[in-house]
Amino acid sequence: MPSRARDEQQALGGRASTPAAGPNETTVTATDTAWWHRIPRAAKLGALGALIIGGSIATAIDGREAAFADTASGVVHSSDDSIATRSEGPASRATDRQELDAAERAAAKQAAAEQAAAERAAAERAAAERAAAERAAAEQAAAEQAAAERAAAERAAGEQAAAERAAAELAAVEAAANKVVMPLDAGTYSHTSSYGARAGGFHLGTDMGAPRDTPIRAAAAGTVVHAGAGIQGRSSNLISIKHNINGQTFYTWYVHMYDDGVYVTQGQQVAAGDVIGGVGSNGNSTGNHLHFEVHPADGRTIEPLGWLRQHGA
Ligand SMILES: [Zn+2]
């Protein structure tokens with residue numbers, strides 16, 4: 001036993017060391033006030049500690065001592081020193097330490113669990129954001145792909161349409177170039193003399209009787225190569241147009257117009273059906289009619305009505 005504790009027990013006059021008396025604090029303070037106030041404060045605490053050794057309130061007092069140890073300084077430590085002989089003190093502190101360690105371990109475990117949960121949540125959030133970004137990127141890529149395909153399809157359709165338009169225009173141009181029409185409109189004329197041998201010689205054209213100034217049309221597109229007085233024994237006036245029909249050269253001749261019945265001039269370009277003159281009875285003629293001839297490239301004449309039919313007029 002430390003000497004201080006021994007001194008305290010001597011100061012108490014051996015009362016506290018008598019286990020039979022019991023750890024009754026009330027009894028001590030009520031009956032021995034005089035000696036109690038004479039001893040130092042630190043000694044009182046030590047004595048109290050000694051009084052309660054083995055008593056029923058030891059645990060409660062231990063709790064107070066622990067509280068003192070946490071909050072107070074030198075005086076309480078003196079008290080601890082005075083009760084160093086007790087077995088409960090160090091054992092209790094060890095238990096506290098164990099409990100504290102356990103609490104710290106539990107807190108650390110909880111903190112680790114919370115940290116892990118937070119990390120899991122963050123990872124899940126990041127994964128969700130990544131997935132959303134990938135989804136968005138995929139949708140964007142799909143949209144761009146679709147737009148590109150649409151644009152390509154539109155481009156292809158546009159090119160096809162342009163090609164078809166060009167082909168149609170070419171066909172139209174070719175059709176127009178190769179088109180052949182009757183030189184007088186249906187219903188405005190009647191056949192009066194055919195191509196070929198007849199009394200008084202060979203008729204080099206076909207005669208189409210019609211009223212004066214009935215419109216005369218170019219039988220096909222081409223270039224006016226003569227417009228004026230009769231040539232090669234034909235009457236005035238005479239219009240000759242050179243055509244290229246499906247790669248073949250033809251000339252069509254129009255005869256017997258009066259001077260005011262010639263509407264075109266040499267070198268003029270005409271289309272099939274253009275009005276080039278008006279019917280007359282000029283020259284070697286007995287009435288208003290169109291004398292119409294067709295010449296292949298070699299300059300001879302051919303039967304005009306057959307040629308017109310053959311070329312779709
Ligand atoms: Zn004739």
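In the predicted model, strand β6, which spans residues 222-228, is joined by 2 bridges to strand β9, formed by residues 269-270. The two strands run antiparallel. Within this pairing, Gly222 of β6 lies opposite Val270 in β9.

Strand β6 is also joined to strand β7, which covers residues 238-245. This pairing comprises 5 bridges, and its strands are likewise antiparallel. Here Ala227 has Ile239 of β7 as its bridge partner.

The chain has 313 residues, of which 22% count as buried. When contacts between residues at least 6 apart in sequence are considered, 64% of them join residues at least 24 apart.

Confidence in the prediction was examined along the chain. The average pLDDT of the protein is 81, and 71% of its residues score at least 70. Over residues 1-32, however, the pLDDT is below 50. Beyond near neighbours in sequence, the model contains 36 contacts for this stretch. A further stretch, residues 46-86, has pLDDT values that stay under 50. For residues 46-86, the model shows 54 contacts beyond four places in sequence.

Notes:
Residues numbered from 1 in each chain as written. Predicted model: local features only at pLDDT ≥ 70, side-chain atom pairs only at ≥ 80, totals over all residues. Pairing = 2+ DSSP bridges. Helix = DSSP H or I, 4+ residues; strand = E, 2+ residues; numbered from the N terminus. pLDDT = per-residue confidence, 0-100. Contact = placed C-beta atoms within 7 Å. Buried ≥ 20, exposed ≤ 12 C-beta atoms within 10 Å, placed from the backbone.
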